Amino acid sequence: MLDNIKVVLVETSHSGNIGSAARAMKVMGLSNLVLVNPQCSIDEQTMALASGASDIAMNAQIVESLDEAVSDCGLVVGTSARSRTLEWPMLDPRQCGEKFAIETESHPVAIVFGRERTGLENHELQRCHFHVAIPANPDYSSLNLAMAVQTLCYECRVAQLDRDAAAYAKPPAMEYPRQQELELFYDHLEKVATQADFINPDQPGQVMNKLRRLFSRARPEAPELNILRGILSSVEKKIKDK
């Protein structure tokens, strides 16, 4: 299970935080670290704070975009410490670990952490199926990046241990579309909705944001997404014939 979990850090600005995150991961048995457009290099401070987990930091995958980091993932969860104007399906850390324990049996999953000062931007959070928030003290909820990574990696490990020890039968693993396939579907949906004059091509954002939220909440399985793509293709053909 733990090998199939990606820890994704977006635009990390301090090299020491990469090392501290790597250490937090290794303590809990995770090793798959992905850096999205890091604003620093992996340097001596990284190695010093990794403290025995330098192999994870050195072997981290470096990519240019969040889309590239999660394109093969069937479940993406973004960390968020503050409320957003656009509501989104939420998990607590325990629920996140439990969901990962089930879904890692059939596909990679990702937990995404934002910038140290500003976190994830709204358009990045919209790439996630769920958001997760650590229920810290509301009077002092300041968590550094490594603390947040440690907390969620711990929940993933606990969920794995609980699942290994469970005596009941495993539920059947569902096959969900990869993130790249979802983005192709959203592009197709926006194109057809525009052709049908359902949305204004100059201002598609508001409607598409709500549709993204709808499908993130519903989480269509891979065969269901294929049906939806087929419907869009049929509608598109009818529009062209007219």
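Tutor: Start with burial: buried means under 20% relative accessible area, exposed over 50%, and partly exposed in between, with a 1.4 Å probe and protein chains only. This is a predicted model, where local features need pLDDT of at least 70, side-chain atom pairs count only at pLDDT 80 or more, and totals for chains, interfaces and linings use all residues. Residues are numbered from 1 along each chain as its sequence is written, and side-chain values use heavy atoms, with hydrogens and water left out.

Student: Are F185 and Y186 buried or exposed?

Tutor: Both F185 and Y186 are buried. For F185 the relative accessible area is 2%.

Student: How do I read aromatic pairs, and how many does a search of the whole structure find?

Tutor: Rings of Phe, Tyr and Trp (its six-membered ring) pair if their centres lie within 6.5 Å. Planes under 30 degrees apart count as stacked, over 60 as edge-to-face, and the rest as tilted. Searching the whole structure gives two aromatic pairs. In one, the F185 and Y186 ring centres are 5.6 Å apart and the planes stand at 50°, so this pair is tilted. F185 also pairs with F215, edge-to-face, at 5.0 Å centre to centre and 85° between the planes.

Student: Which helices hold F185 and F215?

Tutor: Helices (H or I, at least four residues) and strands (E, at least two) are DSSP runs, numbered from the N terminus. F185 sits in helix α8 (residues 179–195) and F215 in helix α9 (residues 205–218). The two are 30 residues apart, and the pair links distant parts of the chain. F215 is buried too, at 17% relative accessible area. Together, F185, Y186 and F215 make one aromatic cluster.

Student: What is a salt bridge?

Tutor: Side chains of opposite charge can pair when their charged atoms come close. The rule here asks for a side-chain nitrogen of Lys or Arg within 4 Å of a carboxyl oxygen of Asp or Glu. By this rule there are 13 salt bridges.

Student: How far apart are the closest N and O atoms of E11 and R115?

Tutor: They are 2.9 Å apart. E11 lies in the loop between β1 (5–10) and α1 (15–27), and R115 in the loop between β6 (109–113) and α6 (122–125). That pair spans 104 residues. E11 is partly exposed at 24% relative accessibility, whereas R115 is buried at 13%.

Student: Where do E155 and R94 lie?

Tutor: Their side chains meet in a salt bridge of 2.4 Å, N to O. E155 is in helix α7 (residues 145–165) and R94 in helix α5, so the bridge ties together parts 61 residues apart in sequence. E155 is buried, with a relative accessible area of 9%. R94 is partly exposed, at 42%.

Student: Which residues are linked in a network of salt bridges?

Tutor: D67, R127, E183 and R212 are.

Student: Which residues form the negative surface patch?

Tutor: Patch residues have over 30% relative accessible area and no salt bridge; like charges are joined within 9 Å, and nonpolar side chains (Val, Leu, Ile, Met, Phe, Trp, Tyr) within 5 Å. Lys and Arg count as positive, Asp and Glu as negative; His and the chain ends are not counted. The place of a charge is NZ of Lys, CZ of Arg, CG of Asp or CD of Glu. Here D92, E98, D162 and D164 form the negative patch. E98 belongs to helix α5 (residues 93–103) and is partly exposed, at 44% relative accessible area.

Notes: Areas by Shrake-Rupley, 256 points an atom, 1.4 Å probe, with all protein chains shown as cover.
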